[in-house]
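Please examine the following model with attention to its sheet and its ligand site.

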Amino acid sequence: MTETSYTMQQLAGILNPVNFVPKTQSRINQLLIDSRKVMDPEHALFFAVKAQRDGHEFIADAYAAGVRKFVISDSEWQNKFPEASFLVVSDVITALQQIAAAHRSVFKIPVIGITGSNGKTIVKEWLAQLLNADYKIVRSPKSFNSQIGVPLSVWQMNSGHTLGIFEAGISRTGEMAKLAGVLQPTIGILTNLGEAHAEGFSGKPEKLSEKLRLFDHTDLFIYSPDYTSGLPAKSLPGSTKFSWSFSQPADLQITGMRQEQAGTTLDALYQGTSFSVYLPFKDRASLENGVICWSVLLALGYEPAVVKSKLSELVPVNMRLSLKNGINQCSIIDDSYSADTSSLAIALDFLKLQKQHDKKTVILSDLHETGRTDTELYAEIAAMLSQKEISRLVGIGPHIKSVAELFDLETVFFDSTADFISAFPQLHFSQETILVKGARKFGFEQISKLLTQKVHDTIMEIDLNAIAHNLRYYQTQLSPGVKLMAMVKAFSYGSGSFEIANLLQYHQVDYLTVAYADEGIALRKSGITLPIMVMSPEPSAFEAMLKYKLEPELYSFEILNAFISFLPQEQKDYPVHLKVDTGMRRLGFEEPDLPVLLKVLKDTGKLKVISAFSHLAGSEDELHEEFTLGQIGRFKAFAFVLRNELGYDFIRHICNTSAITRYPDAQFEMVRLGIGLYGFDSGKPDTSDLQVVAKLKTTVTQVKRIAPGETVGYGRRGILPQGGQIATVKIGYADGYRRSFGNGIGMMLVNGKPARTIGAIAMDMCMLDVTGIDVHTDDEVIVFNEELTIVDLAAQIGTIPYEILTNISQRVKRIYFYE
Ligand SMILES: *Cc1c(COP(=O)(O)O)cnc(C)c1O
């Protein structure tokens, strides 16, 4: 990869650093932002970016992983690591962009830049599918489109490429000019303009002209006049333009649409001639993205007939990887997104954060990367596998097999997927985490199927990125230095066990809390090393708690004394947490208990109070503000006495989710984040800062016509006076869909349309009134998602989101998605 490697001296020439002392001659080929993502430390350059956390704090971690080259803005750090080379600059992100811009300028190839509010990633991926046969393409990984993502994308360019396709997204004025300097696009595509990120701009025209800055120097601009109506035509960029529209005259004008079984036929007018094109999609967004790709191909000079045949073969883009339970207690990570090293790196990072099994296996097909020999490519992959401590590689395909000697771990190779499948019984997959990643033509879906448990058709999908997003949101709401305890009791509010805890551990929360010791033991057995508090420590579990280093919440003299007597004589300073009752009237010590409590604590050397805490009874509701402030005051007073008398410091905490934003002055040294992680906060009038985490889906088992006068289900309560159509779906009260949703109280979405329940909810199934809706067996039914929310469901049966979530039974399979 000689083209993408530079020495520190060369980069110093680009950056004009404030300070630079060269200490190494080794070249750089990885630009690193996150110290957890080191792949090839000798050739990595770490950028200490100041974002929510200050990247300088992670220099030590990167150094420990072997990195010796850094770009920083706080110069004092260079003195702490005398063996490393530092480029000291005034702004680290600007330096990253300058390096990427210089690298971009080396290549004289067409570069397509894509921006717009939605559809950027899909259009980019589809263009790559459509143009792959004719160009050697380099493109943004996943949706890397930010001030950092764009430079990292451009950094992948090498002399073998003949076309670049990159996306760019911005959230405020001034950012696009910087991305334009990095990307230097020759062809510009504006996808559309919606409301996303509107808050960073004064209004639509401002937003549009800001986005168009990306294309100031492009030769060709592809757009729809529907989205540029705020601007005079002559102010549009591009020496050549190509327009498309569903509603007005344009170079490519859509004149008609016909939905068919699996897709849509579009009629269009192009250069005075009518054409029809079939797209294998039905939803409006996909059709619009398809028309954009159609326009790009025409603008690039493809014959309409060629375009037509290419478009009919588009396949949906799936960028997420999924984590599921597999056979023999394996965890399976399925990644069918593109087969290249940048997406392999992302998947390996996700594999590495899974701690539930020591053994980690990668099943990998031949990859192909433009401009690189097999030896170069697989040597890099071999280094990545060993850096990420992978135990075993199963390589499938003639290319990976031919370079078997490059891999320094347990390996087994097959020529084809079919050969692997015949050998499957001898491979004995058991108690390991397995990443399945293959190029499309290898058909690895067959392998995933073999490895995955048969999935019952009701599935809860958990979006791990949404949990990480919600965590980051609350982290930004904390005063400096305040710690965060994540509540993962009750199977993480129904969302999962180690799957969630692994993510929280990776994102460096300070504490985890479970309700019972066995939940904590399960986390320890899955490799969770964070401190864990147990809220209901039963004496029968004391022994196990010691063994697994679980810390009890002590809320009464009975439990306090029982724990002290249980601890061995020689025990010193076992970490415990004191619960104080300030008004919930549930559990906890009270003010009058203080003298005795202090005496017990001082008389025993066995315990160390790590934290004291209390729980608010109505933090979400303004109605209870006075009471809440009273609770906070009582807690503060209690902790004050405790601190003075104990003679040492401990962590104080009282805020649950709603209190974090409603009572920021009460954050003390730590907060306890529960339901907010899962996307709900009843204390916030506007929850647009949070993302929906869970989606519950089921399927239709049978569709029936009902005559007037017939009754549906147990107890014969369901009646359609005019007759109609019902669908039986695979979810019942044993799955957690409560009986109280029956008889028209509950509602689901069938093919996107609302359908009410009819008749009683049965144990394993229920019926929906789908009169007037086009429904077939096996169609997908949404029980809840971001549109039909858990808050809506809770309102239907007069409960709260907590209960809906935690009721979903364990027999409903959870699948975890990560991007
Ligand atoms: C469950 C729980 C929380 C979390 O409450 P949320 O409202 O879900 O944030 C905090 N503290 C204690 C003691 C809890 O039991």
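This is a predicted model: local features need pLDDT of at least 70, side-chain atom pairs count only at pLDDT 80 or more; totals for chains, interfaces and linings use all residues.

The dialogue below treats the sheet and then the ligand.

Q: What is the strand order of the open sheet?
A: Strands of a sheet pair through backbone hydrogen bonds, either parallel or antiparallel. Here 5 strands follow the order E1-E5-E4-E3-E2 with mixed pairing; strands are DSSP runs of E, at least two residues, numbered from the N terminus, and two pair if DSSP finds at least two bridges between them. Strands E1 (19–20) and E2 (30–32) each have a single partner strand, so one side of each is left without a neighbour in the sheet.

Q: In which sense do E2 and E3 pair?
A: E2 and E3 (residues 44–47) are parallel, over 3 bridges. Leucine 31 has leucine 45 in E3 as its bridge partner.

Q: Which residues surround the ligand?
A: Among them are Met487, Lys489, Arg672 and Tyr802, where a residue counts if one of its heavy atoms lies within 4 Å. By class, the shell has 5 nonpolar, 4 polar and 2 charged residues, with Tyr counted as nonpolar, Gly as polar, and Asp, Glu, Lys and Arg as charged.

Q: What distance separates a ligand oxygen atom from an N or O atom in the side chain of threonine 657?
A: That distance is 2.5 Å; for tyrosine 493, a ligand oxygen atom is 2.7 Å from a side-chain N or O atom.

Notes. Residues are numbered from 1 along each chain as its sequence is written. Side-chain values use heavy atoms; hydrogens and water are left out. Helices (H or I, at least four residues) and strands (E, at least two) are DSSP runs, numbered from the N terminus. A polar contact is a pair of N or O atoms within 3.5 Å; within protein, one must be able to donate a hydrogen and the other to accept it, and residues adjacent in sequence count only if both atoms are side-chain atoms.
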